[in-house]
Structure formats: C-alpha cells, structure tokens
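Biologist: I have a structure open and would like to go through it with you. Can you take my questions as they come?
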Amino acid sequence: MDELKDYQVTKIEYDRILICVDSDDFVSSKNAFNYACSLAKHYNAKLGIVSVLETGDLNIFQSLDKDTLNQRRDQIKDLLEAYGQKAKEYGVEDLHLMVTEGNPGHVIVEQVIPTFKPDLVIVGVEEKNRNRNTIGSQAARIVNDSKVSVSVIR
C-alpha cells in the first residue's frame with residue numbers, strides 16, 4: 001500500500017507499433033488493424049504490419065513447389081500493400097510491411113519482434129474464437145512469449 005501512496009501515473013507513448021494480420025481471416029484482423037492505425041496516427045508512431053505465410057498449412061507438394069510458394073508470397077505481399085494503403089489513407093505516415101514464413105506465433109516472437117523492436121504488439125482474435133474465452137493458439141503464443149506489451153483486440 002505504501003508503494004501506491006507515492007506512485008504517480010506516467011504517460012505512455014508509443015514510437016513503434018506492430019500489427020499482426022492474418023492473411024486468410026480479415027474478420028479477425030479488422031478490429032485489431034483499426035486499433036493499430038488509430039494508435040499509430042495518434043502517437044505519430046511507426047506502424048509495422050506483418051503477415052506470416054503459414055508453411056504448416058501447405059501440403060508436402062505445395063511446400064516443395066516453388067511456383068506455389070511464390071504465388072502465396074505474392075498474395076500476402078499484395079494483401080500487406082492493401083493494408084498499407086488503407087493505413088496511409090487514414091493518416092499513418094510511417095509504415096513498414098513484413099512478409100515472413102513459418103509458424104506465426106514463433107516467427108513473430110523470435111524474429112519479427114526482435115528485428116522491428118515495437119513498443120506494442122497488436123493481435124486480433126480468430127473468428128472461430130470470438131464467442132469463447134480463448135484467443136487462439138498463435139495470439140496466445142505471442143502474448144505469453146513476447147518481451148513487449150501485447151494487446152489482443154476482439
């Protein structure tokens with residue numbers, strides 16, 4: 001109780017915000033993206049937008065086919081460019097788009113966060129989990145393993 005007595009609230013500022021978007025579930029990403037853009041614009045922060053090509057979702061033949069992999073990478077790149085355009089139209093000035101590959105939770109925690117160095121990571125809740133008290137395995141991995149603050153947006 002003594003610690004709280006002398007405590008003073010300090011303002012939190014964000015310089016770098018990372019939004020994780022699901023390339024095949026816009027509904028789960030939409031509210032999180034709106035939140036990330038709102039914060040980035042308010043704080044004039046750099047906004048990193050990442051999407052992960054989930055190689056585990058590909059069958060063995062797809063994962064070995066360079067054309068299939070390149071096509072999927074191009075689809076995600078186009079998606080991120082569309083997100084980036086929407087963010088710019090909203091007023092976010094500093095954007096960084098990232099396409100990665102692998103298990104989303106692992107790649108974001110182990111590679112993207114250490115490289116981009118965000119103050120805040122924002123993730124959405126999978127559409128299938130919206131009416132339950134769970135957030136999805138990838139979001140849970142990011143929440144549990146991230147060294148920076150994570151906001152989960154429904």
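Biologist: Which residues form a nonpolar patch on the surface?
Modeller: This is a predicted model, to start with. The nonpolar surface patch consists of M1, L4, Y7 and V9, and together they have about 560 Å² of accessible area.

Biologist: Where does M1 lie?
Modeller: M1 is in the segment before helix 1, which covers 2-6.

Biologist: And is M1 buried or exposed?
Modeller: M1 counts as exposed because its relative accessibility is 84%, and the cut-off for exposed is over 50%.

Biologist: Let's step back to the whole chain. How many helices and strands does the protein chain have?
Modeller: There are 6 helices and 5 strands. Along the sequence they follow the pattern α-β-α-β-α-α-β-α-β-α-β.

Biologist: What share of the residues counts as buried?
Modeller: Of the 154 residues in the protein chain, 38% are buried. The chain exposes about 9500 Å², with 47% of that supplied by carbon and sulfur atoms.

Biologist: What about contacts between residues at least 6 apart in sequence?
Modeller: Among those contacts, 76% join residues at least 24 apart.

Biologist: Aromatics next. How many aromatic pairs does the structure hold?
Modeller: It holds 3 aromatic pairs. One of them is Y14 with Y43, an edge-to-face pair with 5.3 Å centre to centre and 85° between the planes. This pair links distant parts of the chain: Y14 sits in the loop between helix 1 and strand 1 (16-20), while Y43 belongs to helix 2 (residues 26-43), 29 residues apart.

Biologist: Which other pair can you describe?
Modeller: F26 and Y83 form a tilted pair, 6.4 Å centre to centre with 40° between the planes. This one also links distant parts of the chain, with F26 in helix 2 and Y83 in helix 4 (residues 66-90), 57 residues apart. Y83 is at 5% relative accessibility and therefore counts as buried.

Biologist: Which residues form an aromatic cluster?
Modeller: F26, F33 and Y83 form one aromatic cluster.

Biologist: Backbone now. Which residues have a positive phi although they are not glycine?
Modeller: N44 has one, at about 50°, and K117 has one at about 60°.

Biologist: Where are N44 and K117 found?
Modeller: N44 is in the loop between helix 2 and strand 2 (46-53). K117 is in the loop between helix 5 (104-116) and strand 4 (120-124).

Biologist: Why do they count as exposed?
Modeller: N44 counts as exposed because its relative accessible area is 59%. K117 is exposed because it has 55% relative accessibility.

Biologist: One more residue. Where is S151 found, and what does S151 touch?
Modeller: S151 is in strand 5 (residues 149-153). Leaving aside residues up to four places away in sequence, S151 touches Y35, L120, V121, I122 and V123.

Biologist: Is S151 buried or exposed?
Modeller: S151 is buried because its relative accessible area is 17%.

Definitions and conventions: Residues numbered from 1 in each chain as written. Predicted model: local features only at pLDDT ≥ 70, side-chain atom pairs only at ≥ 80, totals over all residues. Heavy atoms only, no water. Patch = residues over 30% accessible without salt bridge, like charges linked within 9 Å, V, L, I, M, F, W, Y side chains within 5 Å. Areas by Shrake-Rupley, 256 points an atom, 1.4 Å probe, with all protein chains shown as cover. Salt bridge = Lys/Arg side-chain N within 4 Å of Asp/Glu carboxyl O. Helix = DSSP H or I, 4+ residues; strand = E, 2+ residues; numbered from the N terminus. Buried < 20%, exposed > 50% of the residue type's maximum accessible area, 1.4 Å probe, protein only. Phe/Tyr/Trp six-rings, centres within 6.5 Å; stacked < 30°, edge-to-face > 60°. Contact = heavy atoms within 4.5 Å.
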